[in-house]
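Subject: Structure handover

Hello,

Here is the structure for your files. My notes on it follow directly below.

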Amino acid sequence: MIWDAAKPSNPFQKLVGHADHVMSIDFHPSKVGLLSSCDSNDEIRLWDVNDGDCKLIFKGGSRQVRFQPRFGNLLACSTGNIINIFDVETNSIQQQLQGHVRDVRSICWDMSGNFLASVSEDSARILCVSGRKCLHELRSSGNKFQSCTFHPDRAQILAIGSHELLELWNPMY
């Protein structure tokens, strides 16, 4: 459901269609009426928020969905230990990134949309999307990684959340 914060008792729109728990949602950065969602059944949906219609359904994301910042041409989705990069315009998988041993728990784009970070319990990775390769990897020292986000001003710094701890990682040092 989508609510107007000024009228919380009245839902703005109900988006109905997922058959399992919705695990992640993300708005398109420039098409403000476009929302992506994924469920624990590996189903990804693209929604028109204004009319409540599901515009597209495809498989490949059960944990997180994240639109590429600024342009939104790409949609990164994680399922198991794989990250799928979908081309939103052609509705096709552009890339499939592997390398994590354990399930990917979190993904995020840097502000340029050129790099994608991912974390599993045992490692954090920074990937070059155009080069289709891992540039940097940080192994966990036993503290299970759960989430990540790039610093908004310092693109090389990744914040990683784990049990009772936040780590700032700059792979250049």
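β5 and β6 form a hairpin with 4 residues between the strands, and Gly-52 in the turn has a positive phi of about 80°. Strands and helices here are DSSP runs (E, at least two residues, for strands; H or I, at least four, for helices), numbered from the N terminus. The pairing of β5 and β6 is antiparallel over 6 bridges, where two strands pair if DSSP finds at least two bridges between them. Glu-43 is placed opposite Lys-59 in β6.

On provenance: this is a predicted model, in which local features need pLDDT of at least 70 and side-chain atom pairs count only at pLDDT 80 or more, while totals for chains, interfaces and linings use all residues. Residues are numbered from 1 along each chain as its sequence is written, and side-chain values use heavy atoms, with hydrogens and water left out.

A second hairpin joins β11 and β12, with 5 residues between the strands and a positive phi near 80° at Gly-113. These two strands run antiparallel, with 5 bridges between β11 and β12 (residues 115–120). Ile-107 has Ser-118 of β12 as its bridge partner. Strand β11 (residues 104–109) has 5 of its 6 residues buried, so it is largely enclosed by the rest of the structure. Buried means under 20% relative accessible area, exposed over 50%, and partly exposed in between (1.4 Å probe, protein chains only).

Gln-64 lies in strand β7 (residues 64–67) and counts as buried because its relative accessibility is 11%. Its side chain makes a polar contact with the side chain of Ser-106 at 3.5 Å, and a polar atom of the Gln-64 side chain lies 2.6 Å from the backbone nitrogen of Ile-107. A polar contact is a pair of N or O atoms within 3.5 Å; within protein, one must be able to donate a hydrogen and the other to accept it, and residues adjacent in sequence count only if both atoms are side-chain atoms. Leaving aside neighbours within four places in sequence, Gln-64 is in contact (heavy atoms within 4.5 Å) with residues including Ser-24, Cys-38, Cys-77 and Arg-105.

Most residues other than glycine have a negative phi. Asp-42, in the loop between β4 (34–39) and β5 (43–48), has a positive phi near 75°. Asn-91, in the loop between β9 (82–87) and β10 (92–97), has a positive phi of about 55°. Asp-42 is partly exposed at 21% relative accessible area, and Asn-91 is partly exposed at 44%.

Asn-91 also lines the largest cavity, as do Leu-46, Leu-56, Phe-58, Leu-75, Phe-86, Asp-87, Val-88 and Ser-92. β6 (53–59) and β9 are the elements giving two or more residues to that lining. The search used a 1 Å grid over the protein atoms alone: a cavity is a set of points where a 1.4 Å probe fits but cannot get out, a pocket is an open set with protein on both sides within 12 Å along at least five of seven lines, and lining residues have an atom within 4 Å of a point.

The largest pocket has about 160 Å³ of space. β3 (22–27) and β4 each supply at least two residues of its lining, with the largest share, 3 residues, coming from β3.

Regards

Technical notes. Points joined across faces, edges and corners; volume = space filled by probe spheres on them.
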